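My notes follow in the order I took them.

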Amino acid sequence: MEVKCEYCQIPGAYGNLIYETEHWMIFLAPSQRFLGTGVVVLKRQCNKLSDLESDEWEEFREIVEKLEITLTKTFNPTLFNWSCFMNKAYRENPPNPEIHWHFIPRYAHKVEFEGITFEDPDFGYIPQPIERKVPEDIMAKLMDAIKGNL
């Protein structure tokens, strides 16, 4: 049975590609419960953080800095949550975990974007996995706003 990476082997599987580097791809997530939410995916097959190479770690650090600066300019979040769960991979048999990080801007205030209000009722707590889709035209404008500040 062939197992495919949900990120790098299936086009569009996790949102829209915002940016990529030598080792990582950065996607805008399809769910925007928290405005600017995305995922950073390692380009090679790797299933443990301890197996990351030094240059991959260094480039990830640079991406964290770049994304936090960019999202601060774009939407002014209060803080950023970063997570590397990989739980979903173990729902399949055989599991195929791949290194990826979710970045979730968190807001202590309401944010307006293109006539839509985004609120963070879980601020200060673990974010609940509630999906929030926004219209495709708004997603395109969101992509443009983020890319414009990269």
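I started with charges over rings. R106 lies over the face of F34, 4.9 Å from the ring centre. I then found the charged end of R132 over the ring of F118, at 4.4 Å from its centre. My rule for a charge over a ring: NZ of Lys or CZ of Arg is within 6 Å of the ring centre and within 35 degrees of the ring normal.

I noted the ground rules next. This is a predicted model, so I took local features only at pLDDT of at least 70 and side-chain atom pairs only at pLDDT 80 or more, while totals for chains, interfaces and linings use all residues. Residues are numbered from 1 along each chain as its sequence is written, and side-chain values use heavy atoms, with hydrogens and water left out.

**Ring pairs**

I describe a pair of aromatic rings by the distance of the centres and the angle of the planes. Rings of Phe, Tyr and Trp (its six-membered ring) pair if their centres lie within 6.5 Å; planes under 30 degrees apart are stacked, over 60 edge-to-face, the rest tilted. I count six aromatic pairs by this rule.

W24 and F60 have ring centres 5.3 Å apart and planes at 45°, so I logged the pair as tilted. W24 is in strand 2 (residues 24-28) and F60 in helix 1 (residues 54-75), 36 residues apart. I took helices (H or I, at least four residues) and strands (E, at least two) as DSSP runs, numbered from the N terminus. Both W24 and F60 are buried. Buried means under 20% relative accessible area, exposed over 50%, and partly exposed in between (1.4 Å probe, protein chains only).

F75 and F113 have centres 5.5 Å apart and planes at 85°, so this pair is edge-to-face. F75 lies in helix 1 and F113 in strand 6 (residues 111-113), so the pair ties together parts 38 residues apart in sequence. F75 is buried at 8% relative accessible area, and F113 is buried at 10%.

I also traced a cluster: ring pairs link W24, W57, F60, W82, W101 and F103.

**Backbone**

Most residues other than glycine have a negative phi, and most peptide bonds are trans. I looked for exceptions.

N93 and P94 are joined by a cis peptide bond, with omega about 5°. P94 is in the loop between strand 4 (79-83) and strand 5 (100-106).

N76 is not a glycine, yet its phi is positive, about 55°. I placed N76 in the loop between helix 1 and strand 4. N76 is partly exposed, at 46% relative accessibility.

E114, also not a glycine, has a positive phi of about 50°. E114 is in the loop between strand 6 and strand 7 (116-118). E114 is partly exposed, at 44% relative accessible area.
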